[in-house]
Amino acid sequence: MLDLRFVRENADRVRKALADRGLEVPLEELLEKDRCRRAVLADLEEKRARHKRGSKEVGERVRRGEDPAVLRREMATLSEEIGKLEQKADALEAAVRGLLARLPNIPHESVPVGPDETYNREVRRWGQPPAFGFQPLPHWELGEQLGILDFQRGVKIAESRFTLLRGKGALLERALINFMLDLHTKEHGYTEVFPPILVNEASMFGTGQLPKLENEMYRCRDDALYLIPTAEVPVTNIHRDEILAEEDLPIYYCAYTPCFRREAGSYGRDIRGLIRQHQFNKVELVKFSHPETSFDELEKLTNNAEEVLRRLGLPYRVVVLSTGDLSFAAAKCYDLEVWLPSYGEYKEISSCSNFTDFQARRANIRFRPAGGGKAQFVHTLNGSGVAVGRTVAAILENYQREDGSVVVPEALRPYMHGLEIIEP
RNA sequence: GGAGGGGUGGCAGAGCGGACUAAUGCGGUGGUCUUGAAAACCAUUAGCCUUCGCAGGCUCGCGGGUUCGAAUCCCGCCCCCUCCGCCA
């Protein structure tokens, strides 16, 4: 959420952000409603002040033994007028808030301007896509041949887009989670947390999933709880409604959690394999940063996620999203894309974003400056470090051999009891 | 699931129809004192909204209601704690 005062005083910047993102929000209506609301408020507050003084006077007359009946009647009338004005002010405020909630974050100046993903800009590339002397297989075929991915059973147990991992496949998944957590906690300075995986509405609102993405989430029937679509939600909400000490910033958390997404509206896409599942594992990086250093923190966070792919020897590239592709709450976002031979292209495996104060304002996460003074909103960041299921797919496909076996990346072997090759 | 207790400023905690303009303590900040620090003492210290400013308004878990007037009384809801039951 943007600051209403900021919107009022920087209407041109907001207008440009909307245009750059290709969004239509009736900004003029918002500004007009806001003007109207403030006019009503001035009238309302003047009447409330009179009413307050009058009521006090009634009390004093009673104490002095005078008859307060006339004044009491006057105050009753005034009270009624106030009630009406309050309704009017509330309605205007609700309208303003509704429109304000539809305004996206302002993209950072370094973000390329363009209407869609074709304007995303590649910023760097690492590694070489493997050259196979044979016809490489997609991971879903490899996985089934090796007996480590069971798509049919996943469908039987749950429904489509759920997969059963078996044997070395389950071990590979677990090894990746442990490898990533160890890397981020031991070498990158993150504190590991394991949060609730069902969260309440306030948490979903704080990070911006509600109200917009309600259809994307699994909801409990008998409780007002949602399955998390990403660890970003519970981990960012760790400090909701808190005032942090400036010297505690930046705070780094990493968390492994399963994630659940309904994937409504993506019926035709990525239907095969592990790429788009309703349930998947992810190691997430979350930062609470001082406003002045948040864009530096974004570079570091992105590099931390990249390190996972470098250690695993997976070819990837980093893309900075254009204004048209940037998510609603983000001011800047880098996507990490891993090479997938079955797609013949790079496929998103991590998304690293700086939300500046957009989430912090919604979730009310502030810090107290060291010298005292007003609490300010922190900046929140997060990124996948990285998506585990897609990493399994990338390893199977990039490390496959002609006989259908798969070499285990060296960095992973200590986590797989020294296993070097996955074979049937 | 049953019974009881409770949600008040950064934290703890009093207040239970009209001087609440929310006591007090802790913590924070500034100062006095000190070679320096600690202690002590003095001062200061909630957020939000409207306003160029003066000033004014709102907020005591949330939402209604009673009243000229609600932190305080009534109704509904949410959350937390304790005990019992059930349970990995």
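This is a predicted model: local features need pLDDT of at least 70, side-chain atom pairs count only at pLDDT 80 or more; totals for chains, interfaces and linings use all residues.
Which helices each supply at least two residues of the surface near RNA strand B? They are α1 (4-9), α3 (27-64) and α4 (69-100).

## The surface near the RNA

α3 gives the most to the surface near RNA strand B, contributing 13 residues. There are 22 residues around RNA strand B, and those that come nearest are R8, R38, E45, S55 and R63. Of the RNA atoms that come within 4 Å of the protein, 70% belong to sugar and phosphate.

What kinds of residue make up this surface? Sorted by class, the surface near RNA strand B has 12 charged, 6 nonpolar and 4 polar residues.

With R48, the partner is a sugar or linking oxygen of RNA strand B, which is 3.1 Å from an N or O atom in the R48 side chain.

## Where α7 meets α12

Now for the helix pairs. Two packed helices are described by the angle between their axes and the distance between the axes. For helix α7 (residues 168-187) and helix α12 (residues 388-398), the axes come within 10 Å and cross at roughly 115°. The crossing of α7 past α12 is right-handed.

Which residues meet here? From α7 come L172, E173, L176, I177 and M180, and from α12 come V388, G389, T391, V392, I395 and L396. By class, this contact of α7 with α12 has 8 nonpolar, 2 polar and 1 charged residues.

## Where α5 meets α12

Helix α12 has a contact with α5 as well. The axes of helix α5 (residues 139-146) and α12 come within 9 Å, crossing at roughly 80°. That angle makes α5 roughly perpendicular to α12.

On the α5 side you will find H139, L142 and G143, while α12 brings A393, L396 and E397. The residues of this contact divide into 3 nonpolar, 2 polar and 1 charged. If you are tracing α12 by eye, L396 is a handy landmark: this residue takes part in the contact with α7 and in the contact with α5.

Methods:
Residues are numbered from 1 along each chain as its sequence is written. Chains are lettered from A and ligands numbered from 1 in the order in which they are written. Side-chain values use heavy atoms; hydrogens and water are left out. A residue is near a molecule or strand if one of its heavy atoms lies within 4 Å of it. A polar contact is a pair of N or O atoms within 3.5 Å; within protein, one must be able to donate a hydrogen and the other to accept it, and residues adjacent in sequence count only if both atoms are side-chain atoms. Helices (H or I, at least four residues) and strands (E, at least two) are DSSP runs, numbered from the N terminus. Ala, Val, Leu, Ile, Met, Phe, Trp, Tyr, Cys and Pro count as nonpolar, Asp, Glu, Lys and Arg as charged, and the others, Gly among them, as polar. Axes are lines fitted to C-alpha atoms, for helices over the stretch in contact, and angles run from 0 to 180 degrees between N-to-C directions. A crossing is left-handed if the near helix is turned anticlockwise from the far one by less than a right angle, and right-handed if clockwise. Contact means heavy atoms within 4.5 Å. Angles under 35 degrees count as roughly parallel, over 145 as roughly antiparallel, 65 to 115 as roughly perpendicular and the rest as oblique.
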